Structures are given as structure tokens and as C-alpha cells.
Amino acid sequence: MNSLAGRANTIVSFGLSTLAFVTFLCALTTQFESPQPTVSINIHDVFVRNQQQYYRWMKRFDRMYFTFDLNSDLSSLFNWNTKLLFVYLTAEYESEENRVNQVVVWDTIIKRAPDAGKLSLRDLKLKYPFYDYGNNLKGNNVTISLHWNVIPVAGLLPRHSSGHITLQLDDTYA
């Protein structure tokens with residue numbers, strides 16, 4: 001005959017295994033959905049400055065400035081398994097040192113609400129500075145993209161993107 005501790009261990013193990021299996025089945029119900037979000041990004045007032053570094057007075061770096069309009073309908077990403085969305089705007093470019101440079105310039109968190117996922121933002125400035133610690137921005141191509149991570153109640157953490165815009169920067173500093 002088993003002891004009380006042995007019986008309790010069996011019951012708790014069976015309960016947790018059943019709970020894990022049910023959670024897996026619940027997460028599986030939303031993996032085959034194909035939401036169709038719409039994104040529109042408009043970039044304006046683009047310029048690049050060559051600025052002096054604060055901690056090394058002899059070195060300089062490029063800093064890009066721009067404002068943007070963002071219209072998006074991400075409401076199709078919300079279902080019963082979506083806890084929140086992490087939405088962020090990135091700028092991506094190539095340099096001689098690195099093939100891919102990616103900088104997050106703006107982000108927000110969208111929580112579940114009746115009208116969640118609908119963004120209509122005008123003349124936003126960059127939330128985070130866009131630096132290149134060299135002189136690689138002047139005359140370069142920069143691709144601006146909107147990305148989002150769906151944070152589920154249970155399941156995988158997918159990352160998606162849309163609204164890619166490529167900018168050709170001027171060969172002169174502002």
C-alpha cells in the first residue's frame with residue numbers, strides 16, 4: 001500500500017499533466033488563424049546631422065531625425081488568447097562594418113480593450129534617438145518597418161512586420 005505522500009504526489013502529478021495538456025490544446029486553437037492587419041506609415045521631415053560625441057570630443061556620429069504618421073488596424077490580431085500587443089517601429093540600414101543595423105525608434109503596448117489595435121497617430125517624433133556611431137547614414141538607404149509581437153495567454157510568441165518604407169537619405173548634412 002502506498003503512503004499518503006505517494007498518493008498526493010500521484011494526484012498532483014496527474015493534475016498538472018492534465019492542466020499542461022489542456023493549456024496546449026487551448027493554445028493550438030489560435031495557431032491556425034490568419035489575421036489581416038492593415039498598416040500605413042508616412043515619413044516626413046527627414047534629415048541627418050553629424051554631431052559631436054559627449055564622452056569623446058574628437059569623435060562624431062550621425063543622428064537621423066524624422067516625424068511620422070501611423071495608421072493601423074491591428075484589431076484582427078486580438079482573440080481570446082491575446083493578452084497584449086507590443087508594437088514597435090524600426091529603422092534598418094547597411095553599413096561597411098555591419099550588413100544589418102536595426103534600431104528601434106518608437107514603441108507602444110496595446111492592451112485588450114473594445115477598440116484595441118486601432119492606431120491613428122499624426123506627427124510623432126522619435127521616442128528613442130537614432131544614432132549611428134560612425135558616418136554611415138548620410139546618403140544611405142533606410143527601411144522603416146512596423147513590427148509587433150503578440151503576447152498570448154498560452155502559446156508561442158510570434159513576431160510579425162508590415163508597412164515597409166525605404167528612404168534614400170541626402171548626401172549632405174542638415
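**Exercises on a predicted model**

Eighteen residues, that is 18, line the largest pocket, and Thr30, Pro35, Val150, Pro158 and His160 lie nearest its centre. A pocket here is an open set of points on a 1 Å grid over the protein atoms alone, where a 1.4 Å probe fits, with protein on both sides within 12 Å along at least five of seven lines; lining residues have an atom within 4 Å of a point.

Before you start: this is a predicted model, where local features need pLDDT of at least 70, side-chain atom pairs count only at pLDDT 80 or more, and totals for chains, interfaces and linings use all residues. Residues are numbered from 1 along each chain as its sequence is written, and side-chain values use heavy atoms, with hydrogens and water left out.

**Exercise 1.** Work out the volume of the largest pocket and the make-up of its lining by class.

*Solution.*
- Start with the volume: about 320 Å³, taken as the space filled by probe spheres set on the points, which are joined across faces, edges and corners.
- Next, sort the lining: nine nonpolar, eight polar and one charged residues. Ala, Val, Leu, Ile, Met, Phe, Trp, Tyr, Cys and Pro count as nonpolar, Asp, Glu, Lys and Arg as charged, and the others, Gly among them, as polar.
- Then look at where the lining comes from: strand β7 (residues 141–152) gives the largest share, three residues. Strands are DSSP runs of E, at least two residues, numbered from the N terminus.

**Exercise 2.** Find the partner of Asp107 in a salt bridge.

*Solution.*
- Apply the rule: a side-chain nitrogen of Lys or Arg within 4 Å of a carboxyl oxygen of Asp or Glu. The count comes to one salt bridge.
- That pair is Asp107 with Lys127, with 2.8 Å between the closest N and O atoms. It links distant parts of the chain, 20 residues apart: Asp107 sits in strand β4 (residues 101–111), Lys127 in the loop between β5 (118–125) and β6 (130–132).
- Now check accessibility, where buried means under 20% relative accessible area, exposed over 50%, and partly exposed in between (1.4 Å probe, protein chains only). Asp107 is buried at 13%, while Lys127 is partly exposed at 46%.

**Exercise 3.** Which strand holds Asp45, and is Asp45 buried or exposed?

*Solution.*
- Asp45 belongs to strand β1 (residues 38–52).
- Its phi is near 55°, a positive value in a residue other than glycine.
- Asp45 counts as exposed because its relative accessibility is 54%.

Methods
Helix = DSSP H or I, 4+ residues; strand = E, 2+ residues; numbered from the N terminus.
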